[in-house]
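Biologist: I would like to learn how to read a model like this one. Can we go through it feature by feature?

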Amino acid sequence: MNDPKDTRTRSSGSYDPRRLPRVGYGIDLRRDLPAMARERGWRRVLPVVTSSLASHPHVLAALSGLAGACPVFSSLPAHTPFETVLALAAEIRAQGADAIIAIGGGSAIDAAKIATLASAAGTSTKDVLLG
């Protein structure tokens, strides 16, 4: 018997806790990303996209559906160097982003998480990030 609450048998879905970021997997990015932005009232979405996906047709279609999107940040070398995180934090502040969307693997996700914290804290140096 298939239990609809048993996520081990699902190939797509989302995890959307109230106070944490939403994590989507197996979704149709072209449809769901613009819908999520509208639903949440995001006006200035800054996409952080792994360079290998930055020109993928599905990613381009999803991003074209975002009203008021900031320029895509895809300068993401492997292992998320501090310089990249600080550059992204500066871009978040400069663009006035009210949402950050990470599309891709670990580099995009790590950079987005750390840069969002650094931007909120007004951090602009590696020493402050290391605390």
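Modeller: We start with confidence, then take the fold, the surface and one residue. This is a predicted model.

Biologist: What is the mean pLDDT of the chain, and where is confidence lowest and highest?

Modeller: Where pLDDT is low, the coordinates should not be read in detail. For this chain the mean pLDDT is 86, and 84% of the residues reach 70 or more. Confidence is lowest in strand β1 (residues 13-15), with a mean of 59. It is highest in strand β3 (residues 45-49), at 96.

Biologist: How many helices and strands does the chain have, and in what order do the elements run?

Modeller: There are five helices and four strands. Read from the N terminus, the order is β-β-α-β-α-α-β-α-α.

Biologist: What share of the contacts joins residues at least 24 apart?

Modeller: Counting contacts between residues at least 6 apart in sequence, 68% join residues at least 24 apart.

Biologist: How much of the chain is buried, and what makes up its accessible surface?

Modeller: Of the 131 residues, 31% count as buried. The accessible surface is about 8300 Å², and carbon and sulfur atoms account for 54% of that.

Biologist: Now a single residue. Where is Thr-50 placed, and is Thr-50 buried or exposed?

Modeller: Thr-50 lies in the loop between β3 and α2 (57-64). Buried means under 20% relative accessible area. Thr-50 has 18%, so it counts as buried.

Biologist: Which residues does Thr-50 touch?

Modeller: Leaving out residues up to four places away in sequence, Thr-50 touches Leu-76, Ile-103, Gly-104, Gly-105 and Ala-108.

Conventions:
Residues are numbered from 1 along each chain as its sequence is written. This is a predicted model: local features need pLDDT of at least 70, side-chain atom pairs count only at pLDDT 80 or more; totals for chains, interfaces and linings use all residues. Side-chain values use heavy atoms; hydrogens and water are left out. Helices (H or I, at least four residues) and strands (E, at least two) are DSSP runs, numbered from the N terminus. Buried means under 20% relative accessible area, exposed over 50%, partly exposed in between (1.4 Å probe, protein chains only). Contact means heavy atoms within 4.5 Å. Accessible areas come from the Shrake-Rupley method with a 1.4 Å probe; for residues, only the protein chains shown count as cover. pLDDT is the predictor's confidence in each residue, from 0 to 100.
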